[in-house]
Amino acid sequence: MKTADKSVYFDNASTSFPKAPGVGHAMAEYLDTRGCNVGRGNYKWGYEVAETVYKTRKKLCKLFQFNQGSDPSKNVIFTSSVTEGLNLVIKGLLKPGDHVLVSSMEHNAVMRPLYFLEQQGIAISVMPCDIQGKLQLDKIEPLIQKNTKAIIMTHGSNVCGSVLPIEKVAEICGKHQLKFVVDSAQTAGIFPINMAETSIDGLCFTGHKGLLGPQGIGGVIMKDDLAEQITSLVQGGTGSRSESFEMPDFLPDKFESGTLNIPGIYGLSKALDYLQEKGLGSILNMEMELTQRLISGIQSIENLDLIGIPDINNRSAVVSIVSVKKDNAQVAFELDQSYGIMTRVGLHCAPLAHKTLGTYPQGTIRLSLGHFNTSEEVDYCLNALNEITK
Ligand SMILES: Cc1ncc(COP(=O)(O)O)c(C=O)c1O
């Protein structure tokens, strides 16, 4: 087997690489020149760092067009990841006897906390998607029961890239007075999400994928009404109301115990500036051009099956394939060893999605692109796939 002298990163659905320009520098600069805490000491540096944290919340509100109340930035709750954000909302909101709907494309970040709560008496129904990962909207309303409290749903599949119609689901939630919680892990920073137009009660995001920031920072943008209904996941010091053993009841302190990931926030802040400058429209266009090229090429390779939507309508740059003759893992191994192409193989933490797509239990090879990838890299990968599978 030949060895690779190139490196091609096609695992952006796992975490994006490269990060936005300047992210690493912004984090190092904070650690090297300030490094102090927020909301604890009363001194100049602390105020400066607090200002950056505040501005980062504001940038997130701007990105997702969240404009509730006179200071929407307080509704941005920082967590370590979208997984923690989803756990906060799911475990804080749902009580025994409640019923919840999810799509059949969910990641385990939604399914595992729900499964955990199922053992304690909450009920789950699955809104079906078709074999291409498209949500079947007409099947949703018959699933709603008297005790249905919320729809919790991914915006984009991390397996096959289908983008689910959150606007339409938000309307259904509004009609039936259900809370709507969205996992934006695969779409934030690439697809526009407009919380002013789409009634989302809790938007869970992660900083290290399409937002092009570092790992270890994520959060939830939460409407007041949802925030009032949920209890905190973690209790501890907030720097505020120190006299009380009770958690503060105001945002964001109610849900932000312990020191924040401040280096992560500095990195995310820099990444948000880049997204603002570049524009989501241009990022999406670049990703879709590459995706079209990849999908068309895959469709002409005899021993490969493309999974999911066969064009670029309502899909992201997450592309799954199945090797017909050779084992998927062997193909992914050869892509890496002989060509330096980094992909992911298996179930991608989303067994329910694979059951929907007909790829359970063997899984898929996932090629996930970012706008920093190039058409040359796509062609190089198509050539490699041709050689490996012929
Ligand atoms: C749809 C979806 N939800 C949740 C997650 C979890 O993201 P994180 O590891 O940042 O919490 C992922 C990551 O792969 C994902 O693709």
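**Close-up views of a predicted chain**

**View 1. The whole chain, inside and out.** Of the 390 residues in the chain, 56% are buried (buried means under 20% relative accessible area, exposed over 50% and partly exposed in between, with a 1.4 Å probe and protein chains only). This is a predicted model: local features need pLDDT of at least 70, side-chain atom pairs count only at pLDDT 80 or more, and totals for chains, interfaces and linings use all residues. Residues are numbered from 1 along each chain as its sequence is written, and side-chain values use heavy atoms, leaving out hydrogens and water.

**View 2. The fold and its overall size.** The chain has 11 helices and 13 strands (DSSP runs numbered from the N terminus: helices are H or I with at least four residues, strands are E with at least two). Its radius of gyration is 21 Å, close to the 21 Å from the globule rule for 390 residues, so the chain is as compact as a globular protein of that length. The radius is taken over C-alpha atoms, and the rule is 2.2 Å times the number of residues to the power 0.38. Along the principal axes, the C-alpha atoms fill a box of roughly 70 × 55 × 35 Å.

**View 3. The largest nonpolar core.** This core holds 61 residues. A nonpolar core is a set of buried Ala, Val, Leu, Ile, Met, Phe, Trp, Tyr and Cys residues joined through side-chain atoms within 4.5 Å. L60, F64, F78, I151, M153, F180 and I221 touch the most other members. Helix α7 (residues 262-278) gives the largest share, 8 residues. A second, separate core has 28 residues, including I77, V82, A109 and V110. In soluble globular proteins, nonpolar side chains tend to be buried together.

**View 4. Around F64.** Leave out residues up to four places away in sequence, and F64 touches A188, I193, N194, M195, A196, L203, F205 and I221. Contact here means heavy atoms within 4.5 Å.

View 5. S7 sits in the segment before β1 (8-9). With 62% relative accessibility, S7 counts as exposed. Beyond its neighbours within four places in sequence, S7 contacts G340, M342 and E377. S7 and M342 are 335 residues apart in sequence, yet their C-alpha atoms are 7.6 Å apart.

**View 6. F333 on helix α9.** F333 belongs to helix α9 (residues 328-339). Its relative accessibility is 41%, so F333 counts as partly exposed. R344 is 11 residues from F333 along the chain, and their C-alpha atoms are separated by 9.5 Å.
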